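Let's take a friendly walk through this structure together.

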Amino acid sequence: MPRTTGRFLDIRRDPHSGELLARGGDAEAHSLLQRAGFVAVVRLHESYHRAPAGLTEDEESRLAIDAVGRLRAVGYHVDCDEPFDTEARPAAYPTLGASVSHLAERLREATDTAEAADILTELTAPHDGILAGFEETLGALAEFFDGLGDASDPYTAGRLRYLADAYVRVIRSDLAHTRGRLADRHAPHPGRRACSEQVPDHETERSAVCACPPPPRALPAPAPPPVGATRLRR
């Protein structure tokens with residue numbers, strides 16, 4: 001398996017700076033690293049993760065051991081310094097983000113506008129919808145920064161409130177309007193329908209397991225013009 005698949009990571013101390021760094025992996029691995037306590041670093045030509053500033057060497061080691069165990073528990077191949085090697089495999093539980101992403105799976109399977117509107121309601125419900133909770137969370141985070149005490153903290157708090165007011169509320173309002181349009185349409189999706197898994201009596205193919213038509217075939221991409229061919233000007 002090539003190391004470019006995203007299933008491989010290195011967690012080591014940099015031999016020059018002594019920093020604890022994690023390199024490699026895909027988006028899922030990066031989520032696990034950040035849940036273990038690492039901080040993402042995004043540069044122009046590279047991205048990696050580092051330990052938070054101000055940790056002792058023992059604290060960094062515990063962070064690295066936890067990350068190695070989490071990653072290996074879900075099938076990642078992790079090369080690490082010997083002090084970070086561990087046989088521990090912490091249990092993995094569904095995250096809140098994964099629960100929200102499940103809405104996308106339900107939308108991909110929705111067969112009519114009413115079903116899509118019901119799913120969208122989970123985002124737009126004014127009291128307990130996901131976007132309402134997100135807006136409330138930004139407000140709580142702004143309050144947290146209000147009391148931290150650094151000179152830049154009030155600016156950060158103001159920025160968080162601006163994001164809630166100028167972006168989250170606009171998205172929520174727009175999606176609520178979209179949800180209302182879907183609820184009013186009462187129409188099946190022309191490209192989807194629920195499968196009854198029933199084969200009609202007149203079906204001639206004995207191998208058939210349902211009456212659904214085959215999926216549409218993708219049109220082949222046009223062949224490139226031959227080398228040296230003259231393009232017509234429009």
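Predicted model: local features only at pLDDT ≥ 70, side-chain atom pairs only at ≥ 80, totals over all residues.

A helix here is a DSSP run of H or I with at least four residues, and helices are numbered from the N terminus.

Now step back to the whole chain. It has six helices and five strands, and along the sequence they follow the pattern β-β-α-β-β-α-β-α-α-α-α. Of the 234 residues in the chain, 22% are buried. Among contacts with a separation of 6 or more, 49% join residues 24 or more positions apart.

Next, find helix H1 (residues 27-36) and helix H2 (residues 57-73). The two pack at an angle of about 145°, with their axes 9 Å apart, and their crossing is right-handed. On the H1 side, the contact is made by Ala29, Leu32, Leu33, Arg35 and Ala36, while H2 brings Leu63, Asp66, Ala67, Arg70 and Leu71. Sorted by class, this contact has seven nonpolar and three charged residues, with no polar ones.

Helix H2 also holds Glu60. At 14% relative accessibility, Glu60 counts as buried. Beyond residues up to four places away in sequence, Glu60 touches Arg13, Leu20, Ala51 and Leu55.

Let's turn to the rings. How many aromatic pairs does the structure hold? There are two. A pair of aromatic rings is described by the distance of the centres and the angle of the planes. Phe144 and Phe145 pair edge-to-face, at 6.2 Å centre to centre and with 90° between the planes. Phe144 is exposed at 52% relative accessibility, whereas Phe145, at 21%, is partly exposed. The pair of Tyr162 and Tyr167 is edge-to-face as well, with 5.8 Å between centres and 85° between the planes. Both tyrosines are partly exposed: Tyr162 has a relative accessibility of 40%, and Tyr167 has 44%.

Two arginines also meet rings. Arg7 lies over the face of Tyr76, at 3.7 Å from the ring centre. Over the ring of Tyr48 you will find the charged end of Arg23, 4.6 Å from the centre.

Our last stop is a matter of backbone geometry. Most residues other than glycine have a negative phi. Which phi does His186 have? Although His186 is not a glycine, its phi is positive, at about 50°. You can find His186 in the segment after helix H6 (153-185). With a relative accessible area of 66%, His186 is exposed.

Methods
Residues numbered from 1 in each chain as written. Heavy atoms only, no water. Axes fitted to C-alpha atoms, helices over the stretch in contact; angles between N-to-C directions. Left-handed = near helix turned anticlockwise from the far one by under 90°. Contact = heavy atoms within 4.5 Å. Nonpolar A, V, L, I, M, F, W, Y, C, P; charged D, E, K, R; others polar. Phe/Tyr/Trp six-rings, centres within 6.5 Å; stacked < 30°, edge-to-face > 60°. Buried < 20%, exposed > 50% of the residue type's maximum accessible area, 1.4 Å probe, protein only. Lys NZ or Arg CZ within 6 Å of the ring centre and 35° of its normal.
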